[in-house]
Amino acid sequence: MESGTGSSPSPELPAAIHRLRSTLARLKAELELAQADGTAAPTERLLGDLNEALMLLRAVERAAFGTVSVLVVDDDARLAELTARGLRRMGYDAESANALRDLQLHEVVVFDLGLEAALSEASRSALKAARPIVVTGATDPTSRALAAGLDASDYLVKPVELEDLVAAISRRAVGAG
């Protein structure tokens, strides 16, 4: 199988597709059994299976199409969602959050520096390993030092233009590969 560019697909693609197919088949079987015997299937398990399937689909998209996953973390939920929507329109797999969650492999993190003080040590370590793109309204040396302490790949001052954020994400995604 070849991609449109003539290069061979990523070696992770067949494994990601297999895991996605297995997860979806398991979910389908659970739903069919619940329907057949008239009982409600355990909601938590089905939601877990759906979340796993979505995570695997992201892996397939990354492997097949080079899709970049972006997590936008900002204390302003509306701003985070508007930013994620803009990124989705630009072709990114973008999600918004008002707190840091467990990160996916190769996920690019856009992080509001105002949330840095609320990070646990484990979250700070995970964020540092992800080399986030820091966004902030602050331009003082202390804020820049906080961003440097997180090994930030970029430091953008709000309000951030979508084109500038996309350029920073592109630089970060290339560095993560």
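pLDDT is the predictor's confidence in each residue, on a scale from 0 to 100.

**Figure 1. Confidence along the predicted protein chain.** The model shown is predicted, and across the protein chain the mean pLDDT is 85, with 88% of residues reaching 70 or more. Confidence is lowest in helix α1 (residues 12–37), where the mean is 76, and highest in β3, where it is 98. Over residues 1–6 the pLDDT is below 50, and beyond near neighbours in sequence this stretch has three contacts in the model. Where pLDDT is low, the predicted coordinates should not be read in detail.

**Figure 2. Secondary structure and contacts of the protein chain.** The protein chain contains six helices and five strands, which follow one another along the sequence in the pattern α-α-β-α-β-β-α-β-α-β-α. Among contacts in the protein chain with a separation of 6 or more, 51% are accounted for by residues 24 or more positions apart.

**Figure 3. Surface and burial of the protein chain.** Of its 177 residues, 34% count as buried, while the protein chain exposes about 10,400 Å², of which carbon and sulfur atoms supply 56%.

Figure 4. Asp112 belongs to strand β3, which spans residues 108–112. Because buried means under 20% relative accessible area, Asp112, with a relative accessibility of 5%, counts as buried.

**Figure 5. Close-up of the residues around Asp112.** Not counting residues up to four places away in sequence, Asp112 touches Val73, Asp74, Asp75, Val135 and Lys158. With Lys158, one of these residues, the side chain of Asp112 makes a polar contact, side chain to side chain, at 3.3 Å.

Notes: Residues numbered from 1 in each chain as written. Predicted model: local features only at pLDDT ≥ 70, side-chain atom pairs only at ≥ 80, totals over all residues. Heavy atoms only, no water. Helix = DSSP H or I, 4+ residues; strand = E, 2+ residues; numbered from the N terminus. Buried < 20%, exposed > 50% of the residue type's maximum accessible area, 1.4 Å probe, protein only. Polar contact = N/O pair within 3.5 Å; in protein donor to acceptor, adjacent residues only side chain to side chain. Contact = heavy atoms within 4.5 Å. Areas by Shrake-Rupley, 256 points an atom, 1.4 Å probe, with all protein chains shown as cover.
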